[in-house]
Amino acid sequence: MQILSTLRLAWRYKTLLLIVLLVPPVLAAIFALNRPETYTTSIAFTVNRINKQPTPDYQFDGYYALQASDLFSETVVSWFLTPSVIVEIYDAAGVDPQVTSLGALTSRFKIKKYSSQNLVVKFTESSEAVAGKIGTAVIATVEAKAAELNQSADRKALFEVVGAKPVTVHDSKQVPLVTAVGLVIGIFVATLLVGLLNALATARPNPQHA
């Protein structure tokens with residue numbers, strides 16, 4: 001009986017419920033279609049040990065090399081959390097960084113260490129051409145800083161950081177997915193509205209029993 005009453009109530013307010021159901025997915029689709037174009041670039045870096053120094057512990061030399069590479073990789077990771085280094089990258093690319101806040105600046109680059117010798121840097125730009133310039137600048141800056149930083153007493157580098165060719169992809173606007181999320185929200189809101197209308201109808205006194 002309660003189900004039939006709810007269905008009658010829903011049919012009575014079908015126009016309102018239909019609007020509530022359709023507005024969120026329509027707005028979501030419009031939002032997705034009008035989002036700015038974005039391009040995501042991924043750059044892989046390899047940390048190589050070079051110019052090995054003589055050590056009496058040859059048995060553990062490979063282990064020490066991995067440990068040293070791991071520590072040096074952490075240093076490279078820290079560069080992308082340093083505002084001055086990021087500004088240096090943009091200057092090398094000839095692109096205005098348009099700094100609004102230090103937090104926003106350091107969040108532009110995402111770097112992940114997959115192993116002691118493998119790092120991957122990702123960033124997103126609104127233009128494929130700008131992404132290409134910044135990608136080239138990232139590789140040049142990281143390789144140069146690595147060459148300057150890790151040197152032995154005889155001025156020989158102990159590690160080298162080599163950047164692979166940047167890979168840039170055009171990000172999908174994901175219109176179907178965003179629209180589907182909007183539809184789910186619309187169904188949820190419409191269901192809440194039916195429940196509210198049902199509660200109000202139940203709470204309203206019946207004129208026949210007044």
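Salt bridges in a predicted model

Asp70, Glu74 and Lys113 are linked in a network of salt bridges. The model is predicted.

Colleague: Why is the contact of Asp70 with Lys113 called a salt bridge?
Modeller: The cut-off is a Lys or Arg side-chain nitrogen within 4 Å of a carboxyl oxygen of Asp or Glu. The closest N and O atoms of Asp70 and Lys113 are 2.8 Å apart, so the pair meets the definition.

Colleague: Which parts does that pair tie together?
Modeller: Asp70 belongs to helix H3 (residues 61-79) and Lys113 to strand S2 (residues 109-113), so parts 43 residues apart in sequence are tied together.

Colleague: What makes Lys113 and Glu74 a salt bridge?
Modeller: Their N to O distance is 2.5 Å, and the limit is 4 Å, so the pair counts. Lys113 in strand S2 and Glu74 in helix H3 are 39 residues apart in sequence.

Colleague: Why does Glu74 count as partly exposed?
Modeller: Its relative accessibility is 41%. Buried means under 20% and exposed over 50%, so a value in between is partly exposed. Asp70 at 26% is also partly exposed, as is Lys113 at 25%.

Colleague: How many salt bridges does the structure hold?
Modeller: The structure holds three. One of them joins Lys173 and Glu37, with the closest N and O atoms 3.5 Å apart. Lys173 sits in the loop between strand S5 (167-170) and helix H7 (175-203), and Glu37 in the loop between helix H2 (14-33) and strand S1 (39-49), 136 residues apart.

How values were computed
Residues are numbered from 1 along each chain as its sequence is written. This is a predicted model: local features need pLDDT of at least 70, side-chain atom pairs count only at pLDDT 80 or more; totals for chains, interfaces and linings use all residues. Side-chain values use heavy atoms; hydrogens and water are left out. Helices (H or I, at least four residues) and strands (E, at least two) are DSSP runs, numbered from the N terminus. Buried means under 20% relative accessible area, exposed over 50%, partly exposed in between (1.4 Å probe, protein chains only).
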